[in-house]
Amino acid sequence: MHKYCEIINAEDIVSDDESALTGAKKSKNTSMWKAVESLREKKSDISLSAGNTGALLVISRLLLKTITGISKPALAALWPNQNNMNVVLDLGANIECNEKNLTDFACMGSALFKSLFINEIPRIALLNVGLEEYKGNDVLKKTHSILKENKMKNFEFTGYIEGNHIMEGNVDVIVTDGFTGNVALKTAEGTANFISKNLKNSLNKLSLLFSYNSLKKFKDKLDPRKYNGAIFLGLQSPVVKSHGSIDSVGFAHSINVCNKIVRAKLIEKIESNLITVDAKYKQ
């Protein structure tokens, strides 16, 4: 063990039931603080935590600077679709967003996708209540115009996407504000649990026996451990958040995501991906 890592003692903890600010204020002697601090001091390349999400985000914002040009970092995660995986952001870091924020999220999400799936050009869509360009609020419409006019060719903008099409696999990166994204995430998780439990309860032992291989594939596709690890994007060093109740298999998947992010130089990709938002869209 000591051959591959260094163990640093931390005397305090941030409990799960503490508020983000309370946890952050008393966290200087915790492993969470020390891990993020090691990023600031360039002693490590990435931080991974399964602790209090709110405290982790606050500590990360306190200790790490944002990437030049980014005003609000975002929380991104991987979702399964029919073909592979989607990157979805923001999932709760920012309740209110303007067109500059959503444009930044699109750039950061495309950089993350290219880091995890090498040599693919991401297809990006904005989550909306309809597919037509006239639908949605002013922020979505302005963001749509900015992304539609993007000439950098670092991603393909496909327009709007509705919630019922998220898992079809026709886009790779789905952009939304943190309120909508978090509601969508919790709805998807609840729906997956509902289907899995009711499917299991509806089949008798004989049906389970004959359907074993198909059910196994279905279970593997929806296994949340394979998609464990939300990435806090927009800071000058990457921070990854694992589910607190995840097992060793799920945590190993998070470590694999961290490895891909570091090797693909995610931060550099984000910096080269950013789009300048013209003043005309901020009016």
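Which residues point one way from strand 3, and which the other way? I started my notebook there.

**Ground rules.** I am working with a predicted model, where local features need pLDDT of at least 70 and side-chain atom pairs count only at pLDDT 80 or more, while totals for chains, interfaces and linings use all residues. Residues are numbered from 1 along each chain as its sequence is written, and side-chain values use heavy atoms, with hydrogens and water left out.

**Entry 1: strand 3.** I found M85, V87 and L89 pointing one way, with N86 and V88 pointing the other way, and all are buried. For me, buried means under 20% relative accessible area, exposed means over 50%, and partly exposed is in between (1.4 Å probe, protein chains only). In a regular strand the side chains alternate between the two faces of the sheet. Strand 3 covers residues 85-89, and five of its five residues are buried. I take helices (H or I, at least four residues) and strands (E, at least two) as DSSP runs, numbered from the N terminus.

**Entry 2: neighbours of strand 3.** Next I looked up the pairing, which requires DSSP to find at least two bridges between two strands. Strand 2 (residues 74-80) runs antiparallel to strand 3 over five bridges, and the two form a hairpin with four residues between them. Here L78 stands opposite V87. Strand 6 (residues 173-175) pairs with strand 3 in the parallel sense over three bridges, and I noted I174 of strand 6 opposite V88.

**Entry 3: the chain overall.** I counted 10 helices and eight strands in the protein chain. Of its 283 residues, 43% count as buried. The accessible surface is about 15,700 Å², and carbon and sulfur atoms hold 53% of that; the areas come from the Shrake-Rupley method with a 1.4 Å probe, and for residues only the protein chains shown count as cover. Taking a contact as heavy atoms within 4.5 Å, I see that 72% of contacts between residues at least 6 apart in sequence join residues at least 24 apart.

**Entry 4: salt bridges.** My rule asks for a side-chain nitrogen of Lys or Arg within 4 Å of a carboxyl oxygen of Asp or Glu, and the count comes to six. I wrote down three of these pairs.

- K100 and D104 meet at 2.5 Å, N to O. They sit four residues apart in helix 4 (residues 99-116), so about one helical turn separates them.
- R123 and D172 have their closest N and O atoms 3.0 Å apart. This pair links distant parts of the chain, 49 residues apart: R123 is in strand 4 (residues 123-127), and D172 is in the loop between strand 5 (156-161) and strand 6. R123 is partly exposed at 27% relative accessible area, whereas D172 is buried at 7%.
- E41 and K43 form a bridge at 3.3 Å, N to O. E41 is partly exposed at 39%, and K43 counts as exposed at 66%.

**Entry 5: aromatic rings.** How many aromatic pairs does a search of the whole structure find? I got one. The ring centres of F113 and F117 lie 4.8 Å apart with the planes at 40°, so the pair is tilted. The rule joins Phe, Tyr and Trp rings (for Trp, the six-membered one) with centres within 6.5 Å; planes under 30 degrees apart are stacked, over 60 edge-to-face, and the rest tilted. Both F113 and F117 are buried.
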